[in-house]
Amino acid sequence: MPAILAFLNHIEAERARTPEAEWTARFGGVHLQILRLILPRFSENDVLSAKAVAESTEPLLFLPSSLFGGH
């Protein structure tokens, strides 16, 4: 979840410097999915803990999707 929150922070920062129509086309759908479908599945404490990790100066570990059966 920290990686999802780091991505959410990134796309929200992009919103400030990208024309609204372009931002909506690129990130609008995933932004809504994160806010409406993913975050509500976790407790407030889980989200706060993940947010602290996402905002830390330590690099996040990104695992390749092939580990999970992806291509």
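Modeller: What follows goes from the overall fold to single helices, their packing and a few residues. Please keep in mind that this is a predicted model.

Biologist: Which secondary structure elements does the protein have, and in what pattern do they follow along the sequence?

Modeller: The protein has three helices and zero strands. Read along the sequence, the pattern is α-α-α.

Biologist: How much of the protein is buried, and what does its surface consist of?

Modeller: Of the 71 residues, 20% are buried. The accessible surface comes to about 5,300 Å², and carbon and sulfur atoms contribute 59% of that surface. As for contacts with a separation of 6 or more, 58% of them join residues 24 or more positions apart.

Biologist: How should I read the span of a helix, taking α1 as the case?

Modeller: One sets the distance between the end C-alpha atoms against the span expected at 1.5 Å a residue. Helix α1, residues 2–17, has 16 residues and reaches 23 Å, close to the expected 22 Å.

Biologist: What span does α2 have between its end C-alpha atoms?

Modeller: Helix α2 spans only 23 Å, whereas a straight helix of 19 residues would span 27 Å. There is also a bend in α2 of about 60 degrees, located at Phe27.

Biologist: Is Phe27 buried or exposed?

Modeller: Phe27 is buried, because its relative accessibility is 7% and the cut-off for buried is under 20%. Not counting residues up to four places away in sequence, Phe27 touches Phe7, Ile11 and Glu14. The C-alpha atoms of Phe27 and Glu14 are 9.1 Å apart, while the two residues are 13 apart in sequence.

Biologist: Why do residues three or four places apart in an α-helix point the same way?

Modeller: An α-helix has 3.6 residues a turn, so residues at that spacing point the same way. In this model, the buried residues of α1 are Leu5, Leu8, Ile11 and Glu14. The cover over the buried residues of α1 includes α2 and α3.

Biologist: Which residues of α2 are buried, and against what do they pack?

Modeller: In α2, Trp23, Phe27, Gly28, His31 and Ile34 are buried. The buried residues of α2 pack against α1.

Biologist: How does one describe two packed helices?

Modeller: The description uses the angle between their axes and the distance between the axes. Here the axes of α1 and α2 come within 10 Å and cross at roughly 145 degrees. The crossing of these two helices is left-handed.

Biologist: Which residues meet where α1 and α2 pack?

Modeller: From α1, the residues include Ile4, Phe7, Leu8, Ile11 and Arg15. They meet residues of α2, among them Trp23, Phe27, Val30, His31, Ile34 and Leu35.

Biologist: What is the relative accessible area of His31, and with which residues is His31 in contact?

Modeller: His31 lies in helix α2. His31 has a relative accessible area of 8% and is therefore buried. Leaving aside neighbours within four places in sequence, His31 is in contact with Leu8, Ile11, Glu12, Arg15 and Trp23.

Biologist: Where in the model is Val53 found?

Modeller: Val53 belongs to helix α3, residues 44–54. With a relative accessible area of 39%, Val53 is partly exposed. Val53 and Pro2 are 51 residues apart along the chain, yet their C-alpha atoms are separated by 5.9 Å.

Biologist: How far apart are the C-alpha atoms of Ala6 and Lys51?

Modeller: Those C-alpha atoms are separated by 7.7 Å, and the two residues are 45 apart along the chain. Ala6 lies in helix α1. Its relative accessible area is 22%, so Ala6 counts as partly exposed, given that buried means under 20%.

Definitions and conventions: Residues numbered from 1 in each chain as written. Predicted model: local features only at pLDDT ≥ 70, side-chain atom pairs only at ≥ 80, totals over all residues. Heavy atoms only, no water. Helix = DSSP H or I, 4+ residues; strand = E, 2+ residues; numbered from the N terminus. Buried < 20%, exposed > 50% of the residue type's maximum accessible area, 1.4 Å probe, protein only. Expected span 1.5 Å × (residues − 1). Contact = heavy atoms within 4.5 Å. Bend = angle between axes of the 7 residues up to and from the residue. Areas by Shrake-Rupley, 256 points an atom, 1.4 Å probe, with all protein chains shown as cover. Axes fitted to C-alpha atoms, helices over the stretch in contact; angles between N-to-C directions. Left-handed = near helix turned anticlockwise from the far one by under 90°.
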